[in-house]
Amino acid sequence: MKRPQGLARVFAAPSAIAALSLFGLVAALIGDGPWDAAGWLGLTAPLAALAWAIRHRG
Amino acid sequence: MLSPKAVRAWSAVHKWTSLICTAFLMMLCLTGLPLIFHHEIDDALGHDRWAPANPGGPLMDYDAILELALKNRPGEVPLFMSFDEDRPVVNVTTGPTPDAPGPQMHFASYDRTSGEVVPPVADGGVMDFILQLHTDMFLGLPGMLFLGAMGVLFAASIVSGVVVYAPFMRKLDFGVVRTGRSARLKWLDTHNLMGVVAVAWLLVVGLTGVVNTLSTPIVDLWKAEQLEALVKPYEGRPPVARLASVQAAVDKARAVLPGMDLQFVAFPGGSYSTERHMLVFFHGDTPLTEHLITPALIDAETGELVGVRPMPWYVKALGLSQPLHFGDYGGLPLKLLWAALDLVTIVVLGSGLYLWLARRRTAAAPFADAIDQEPAAAPAPAE
């Protein structure tokens, strides 16, 4: 067991992922081409985090 | 940090909102998955192999197409005419009465180079069935509103899920999945991890889905607020005897809305028009504005242009909530991301149900893990 962490620590990664997701959702709506690509990158964040966690699980 | 009492209260909210909506959300995720690829499935079934009879030939005008469509449906009235963007095809929706409900409507597509009927996609109506199940479970407006209520519960379950995530994770690093101890613990960590990474997408798709279920009341409100006053002067007069030219109506409307793309015409007496007007709807040509529609009003009898009526904010909100729910606004990669996140949602729903059942079997208090850790005053030994 580790030392209990504060809310800021607990939600640091989830907030970053949520912010990237929202950026992606809006970016693809704003324009085509590079905006779409930015949208894909943003929405890849939740899946990338999931893939990372599955590789490092223990 | 929350008190044990508050954790228990939020846990109860999470448990009950989830339990009520899970079965319906599972149905929505399963039916939503093929719907993400509706367009691709249609193309695979031959939609994009269709070619006009006389490519490059002269195009029949909209009045001629309407006449043909009505000849093919004796006794019916026109409801809508819509226009394909990438091929010379006009779609005509007819029905027994101007206010006919969805199931009584008839939809047919016409080749503007020949007047021939474009055969519908040969999927045996499977996609239509899935769409109907997803939209209203074949129950019409009550079904739609019911699914909207399930969406509200889903949003509440997401918010309460985020709140109870904190006490669970106080002594765990982000992303840790404890395998090898118990199946329940593994699925608890998986549920928390998948739920929290997808939370923004879940809320956006969930809440825009709720807005979409309100489309009928939203359109009714727009009609009451913006169109009702226009028909007051006609009270007591007989209904429109002869419909003015659709082609002329579209041409006049296009002239006052340059730079916009034609989307559909709503014939008099229907859900998007008045007894005395046809409405010609246009949309913008950027990803952001292509879901925002603007109508030009045409007197259905004289064919005169009455004016352009920009949509109020709540119809714009409905328009913008459509792409954000469907995921159809960023090419195939965005659709694939939508599908992946849909699958993540299915795992979150399934694991949530499993955790509830597993807890019930052991008869321990639900969310005990979160509450057990609460007396945080005792310093934990350093690792």
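This is a predicted model: local features need pLDDT of at least 70, side-chain atom pairs count only at pLDDT 80 or more; totals for chains, interfaces and linings use all residues.

Me: Thanks! In what order do the eight strands of the open sheet in chain B run?

Reply: The order is 4-3-2-1-5-6-7-8, with antiparallel pairing. Strands here are DSSP E runs of at least two residues and helices are H or I runs of at least four, numbered from the N terminus; two strands pair if DSSP finds at least two bridges between them.

Me: And which strands stand at the edges?

Reply: Strand 4 (117-118) and strand 8 (305-308) of chain B; each has a single partner strand, so one side of each is left without a neighbour in the sheet. Strand 4 of chain B pairs with strand 3 (residues 106-111) of chain B over two bridges, in the antiparallel sense. There, Ser109(B) sits opposite Val118(B).

Me: What about strand 1 of chain B, which strand makes a hairpin with it?

Reply: That is strand 2 of chain B, with five residues between the two. Six bridges join strand 1 of chain B to strand 2 (residues 89-95) of chain B, and Pro78(B) has Thr94(B) as its bridge partner. Strand 1 of chain B is also joined to strand 5 of chain B, antiparallel, by three bridges, with Phe80(B) opposite Ala266(B).

Me: Why is strand 1 of chain B called largely enclosed?

Reply: Because five of its seven residues are buried. Buried means under 20% relative accessible area, exposed over 50% and partly exposed in between (1.4 Å probe, protein chains only).

Me: Which strands does helix 9 of chain B touch?

Reply: Let me start with another helix. Helix 8 (residues 215-231) of chain B lies across strand 6 (277-283) and strand 7 (293-299) of chain B, at about 140° to strand 6 of chain B. Helix 9 (residues 246-256) of chain B packs on the sheet, touching strand 1 (77-83), strand 5 (261-266), strand 6, strand 7 and strand 8 of chain B, and makes about 50° with strand 6 of chain B. Contact means heavy atoms within 4.5 Å; axes are lines fitted to C-alpha atoms, for helices over the stretch in contact, with angles from 0 to 180 degrees between N-to-C directions.

Me: Changing topic: how many salt bridges are there over all chains?

Reply: Six, counting a side-chain nitrogen of Lys or Arg within 4 Å of a carboxyl oxygen of Asp or Glu. One of them pairs Asp173(B) with Arg9(A) at 3.7 Å, N to O. Asp173(B) lies in the loop between helix 5 (140-169) and helix 6 (183-197) of chain B and Arg9(A) in helix 1 (residues 7-30) of chain A, so the pair joins two chains.

Me: Is Arg9(A) buried or exposed?

Reply: Exposed, at 52% relative accessibility, while Asp173(B) is partly exposed at 35%.

Me: Last one: which residues make the nonpolar surface patch?

Reply: Val26(A), Ile30(A) and Trp35(A), over about 270 Å². Trp35(A) lies in helix 2 (residues 34-55) of chain A. Patches take residues with over 30% relative accessible area and no salt bridge, joining like charges within 9 Å and nonpolar side chains (Val, Leu, Ile, Met, Phe, Trp, Tyr) within 5 Å; areas come from the Shrake-Rupley method with a 1.4 Å probe, and for residues only the protein chains shown count as cover.

Key. Residues are numbered from 1 along each chain as its sequence is written. Chains are lettered from A and ligands numbered from 1 in the order in which they are written. Side-chain values use heavy atoms; hydrogens and water are left out.
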